[in-house]
Amino acid sequence: MSVTRIDDPAVADRALPEPAPARRHPALAALTHGQGLLGVVLVVAVATAGLLAHWIAPFGPNEQIAGANLLGPGAEHWFGTDEVNRDVFSRVLHGIRINLEIIAVAVPIGAAIGALLGLVSSLHPVTDVIAQRAFDVVLAFPALILAIALAAIVGSGAVTVIVVIVVAEIPIFGRMTRTQVLRIRELPYVESAEVIGAGRWWVLRTHVLPNTLEPLGVQVALSMSVAVFVESAMSFIGIGVRPPEPSLGSIIADAVPNLDANPAFAIGPLVVVAALVLGFLLIAQALGSARRA
């Protein structure tokens, strides 16, 4: 009778299964192919151009060039020049940077405050009623109506744009967080933790909050696209970033009276706004699809 030794290398190699390949996180996989990758490429390309505006812009954002009044696109001025002899391409690059700075500050603040209020409102029926009625009041006003009202009180400027975006995003993240918390608290493993004596805050911190981050991440990408539009729209109607600071919306507004002389004046910033909005929407859609898969 022969005995097989398990310490024999040949036997051990046959007995042990091949290690399973490491799986990437679904969100990371969603952003590295298909529409997710396209969205990342669009956002990164536009953001890189804006962040490097000081180095790649051929002229200053407010530099007036002698003899360059409403010139069409050319080798020296890619998007032409405006009515006060400023290079439109340079202004668009600097406008991207300002736009991204505003939404990079406003959306995370709105998300954090909204998530905190949503969490607090889910803890007690009284706080829930108060928070939900407050959310209803904010959601009753479109963002631009809220922007006009706030600008009439405190004036226009980048701070006004940030406040409008923050206020508009709070109820969105608040309601989403509340819904997720109430859903997760009814799951069996969370109820089991409460039965064995786990404290409410421990359960929230350990089980509930980590499971709410994934849908909130999808909403952050979606809110970024909305914030790009809100900032551009506010600047377009004159209650956003104050001139002469460049903003994508104000550049488009300046182009409207001069479309006959220089149509490219408006095409440049419009393409940039569309690329940013589309990029964030594709990212949000890819993350949402990965979450549902």
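Some ground rules. Residues are numbered from 1 along each chain as its sequence is written, and side-chain values use heavy atoms, with hydrogens and water left out. As the model is predicted, local features need pLDDT of at least 70 and side-chain atom pairs count only at pLDDT 80 or more, while totals for chains, interfaces and linings use all residues.

I start with the whole chain. The protein chain has twelve helices and zero strands; these elements are DSSP runs numbered from the N terminus, with at least four residues of H or I for a helix and at least two of E for a strand. Of its 293 residues, 42% count as buried. Buried means under 20% relative accessible area, exposed over 50%, and partly exposed in between, with a 1.4 Å probe and protein chains only. A contact is a pair of residues with heavy atoms within 4.5 Å. Among contacts between residues at least 6 apart in sequence, 69% join residues at least 24 apart.

Next, the packing of α3 and α5. Helix α3 covers residues 34-51, and its axis lies 7 Å from that of α5, at an angle of about 110°. The axes are lines fitted to C-alpha atoms, for helices over the stretch in contact, and angles run from 0 to 180 degrees between N-to-C directions. The two helices, α3 and α5, are therefore roughly perpendicular. On that scale, under 35 degrees is roughly parallel, over 145 roughly antiparallel, 65 to 115 roughly perpendicular, and the rest oblique. From α3, the residues involved are Val46, Ala47, Ala49 and Gly50, and they meet Leu93, Ile96, Arg97 and Leu100 of α5. By class, that contact has six nonpolar residues, one polar and one charged. Leu38 is also in α3, and is partly exposed at 45% relative accessible area. Its C-alpha atom is 10.0 Å from that of Ala286, which is 248 residues away along the chain.

Now the loop between α4 (53-56) and α5 (88-121), where Glu63 is found. Glu63 counts as partly exposed, at 38% relative accessibility. Leaving aside neighbours within four places in sequence, Glu63 is in contact with Asn85, Arg86 and Asp87. Asn85 is 22 residues from Glu63 in sequence, and their C-alpha atoms are 7.9 Å apart. The Glu63 side chain also reaches the backbone nitrogen of Gly60 at 3.0 Å.

Thr81 lies in that loop between α4 and α5 too. Is Thr81 buried or exposed? Its relative accessibility is 0%, so Thr81 counts as buried. Beyond its neighbours within four places in sequence, its contacts include Ala68, Leu70, Arg86, Val88 and Asn262.

Three further helices. Asp128 sits in α6, residues 125-139, and counts as buried at 17% relative accessibility.

Helix α7, residues 143-154, has twelve residues and should span 16 Å at 1.5 Å a residue; its end C-alpha atoms are 16 Å apart, which agrees. The expected span is 1.5 Å times one less than the number of residues. After α7 comes Gly155, with a positive phi near 95°.

Last, α11, residues 248-255. Six of its eight residues are buried, so α11 is largely enclosed by the rest of the structure. The buried ones are Leu248, Gly249, Ser250, Ile251, Ile252 and Ala255.

How values were computed
A polar contact is a pair of N or O atoms within 3.5 Å; within protein, one must be able to donate a hydrogen and the other to accept it, and residues adjacent in sequence count only if both atoms are side-chain atoms. Ala, Val, Leu, Ile, Met, Phe, Trp, Tyr, Cys and Pro count as nonpolar, Asp, Glu, Lys and Arg as charged, and the others, Gly among them, as polar.
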